[in-house]
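The sequence and structure come first.

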Amino acid sequence: QKNEVFLEAMMNLGFDALLETKFDRSSSDVLSFHIGVPLISYVLLNDRYNAVVSETFNELDLDRNVLGQVLTKGDIVTLNKLFMLQTELSYTTFIGGFIGFKFQYRFLYYSFAQYKSLSFTRCVNNQLLVGLTILL
């Protein structure tokens, strides 16, 4: 039996902005918008199984240091290989002085070129979240 490890972890350096506003000075309600676009990224195990050529890439020896193998088989990429957009819109309203509810929408999109830019992984993720905030 053959074991495979698939990772799409990415460490990024790029543009990140957060805008927050209150509706009026007496209100504790907060509306915020966050956007992030990585410009340079280090991606782990950037080559994957390719069904066209029926080969596997970046096989790991599970009897040796897997973390070390994963970290050394990564690649530094820019927007030409990885385009990612992360946004978040949230509204926090407080009931009383220290308990609040947060309503949040998150959007993530990325397109990652794999195997000599012949194959692309595309991911779209939408989330609606409701949270509880307690000020200490």
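A nonpolar core is a set of buried Ala, Val, Leu, Ile, Met, Phe, Trp, Tyr and Cys residues joined through side-chain atoms within 4.5 Å. Buried here means under 20% relative accessible area. The model is predicted.

**Core**

Six residues form the largest nonpolar core: Val43, Val77, Leu82, Met84, Tyr110 and Phe112. Strands β4 (82–95) and β5 (99–114) each supply at least two residues of this core.

**Overall arrangement**

The protein chain has 1 helix and 6 strands, and their order along the sequence is β-β-α-β-β-β-β. Of the 136 residues in the protein chain, 27% are buried. When contacts between residues at least 6 apart in sequence are taken, 59% of them join residues at least 24 apart.

**Salt bridge**

How many salt bridges does the structure hold? There is 1 salt bridge in the structure. It joins the side chains of Arg106 and Glu88, at 3.3 Å from N to O. Arg106 belongs to strand β5 and Glu88 to strand β4, so the pair ties together parts that are 18 residues apart in sequence.

**Surroundings of His34**

His34 lies in strand β2 (residues 30–43). Leaving out residues up to four places away in sequence, His34 touches Asp16, Ala17, Leu18, Gln86, Thr87 and Glu88. With Asp16, the side chain of His34 makes a polar contact to the side chain at 2.8 Å. His34 and Asp16 are 18 residues apart along the chain, and their C-alpha atoms are separated by 7.5 Å.

**Exposure of the polar residues**

Are His34, Arg106 and Glu88 buried, partly exposed or exposed? The table gives the values.

| Residue | Relative accessible area | Class |
|---|---|---|
| His34 | 21% | partly exposed |
| Arg106 | 35% | partly exposed |
| Glu88 | 22% | partly exposed |

Partly exposed covers the range between the buried limit of under 20% and the exposed limit of over 50%. At 21%, His34 therefore counts as partly exposed, and Glu88 does so at 22%. Arg106, at 35%, is also partly exposed.

Key:
Residues numbered from 1 in each chain as written. Predicted model: local features only at pLDDT ≥ 70, side-chain atom pairs only at ≥ 80, totals over all residues. Heavy atoms only, no water. Helix = DSSP H or I, 4+ residues; strand = E, 2+ residues; numbered from the N terminus. Buried < 20%, exposed > 50% of the residue type's maximum accessible area, 1.4 Å probe, protein only. Contact = heavy atoms within 4.5 Å. Polar contact = N/O pair within 3.5 Å; in protein donor to acceptor, adjacent residues only side chain to side chain. Salt bridge = Lys/Arg side-chain N within 4 Å of Asp/Glu carboxyl O.
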